[in-house]
Amino acid sequence: MIQIGTFVTVSDNSGARKAQCIGIYQGFQSRYANIGNIILISIKKLRSKRRDVSKVKKGQIYKALIIRTKSPTLSYNEKYSFKENSVVILNQKNKLLGTRIFGSVPKKLRFTKFLKITTLAFGIMN
């Protein structure tokens, strides 16, 4: 579960490394967001190699989709969790900003409108 103020890692090649959650798009006065929800993030740290040519800049605000959380998630009668809280950056039309995704994503995202994320990911978790 991710709430306002949580630091997350960015798992795509958009140029950002760390971000902070500043809003949740789930519902009216929602406190927590889970895997598959869209949040509002602020970029806090960029990747060191390509700072000058990255697609994002430090301090900018973007939408992001949660793909991994530390808290255990129950899906298809199986409980799974990841080592980090991780997101993928989206543009204003909810399309991916990056072209690659690092790490695995849960199978739950395969049955949503974000099918492209599972095709770009390295692996799929149950």
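1. Let's start with Q20, which sits in strand β2; strands here are DSSP runs of E with at least two residues, numbered from the N terminus. Q20 counts as buried because its relative accessibility is 19%, and buried means under 20% relative accessible area, with exposed over 50% and partly exposed in between (1.4 Å probe, protein chains only). Leaving out residues up to four places away in sequence, Q20 touches G5, T6, F7, L40, I41, S42 and K44; contact means heavy atoms within 4.5 Å.

2. A word on what you are looking at: this is a predicted model, in which local features need pLDDT of at least 70 and side-chain atom pairs count only at pLDDT 80 or more, while totals for chains, interfaces and linings use all residues. Residues are numbered from 1 along each chain as its sequence is written, and side-chain values use heavy atoms, with hydrogens and water left out.

3. β2 (residues 16-24) and β3 (residues 38-46) run antiparallel and are joined by seven bridges; two strands pair if DSSP finds at least two bridges between them. A16 has L46 as its bridge partner in β3.

4. The overall fold is worth a look on screen. Five strands close into a barrel, in the order β1-β2-β3-β4-β7, and the pairing is mixed. From one strand to the next, the twist averages 55 degrees, taken between axes that are lines fitted to C-alpha atoms, with angles running from 0 to 180 degrees between N-to-C directions.

5. With β1 (residues 7-10), β7 pairs in the parallel sense over two bridges, and S86 is the β7 bridge partner of T9. With β4 (residues 61-68), β7 runs antiparallel, joined by five bridges; here A64 has I89 as its bridge partner.

6. Finally, the rings. Elsewhere, K63 lies over the face of Y25, at 5.4 Å from the ring centre; the cut-offs are NZ of Lys or CZ of Arg within 6 Å of the ring centre and within 35 degrees of the ring normal.

Notes
Helix = DSSP H or I, 4+ residues; strand = E, 2+ residues; numbered from the N terminus.
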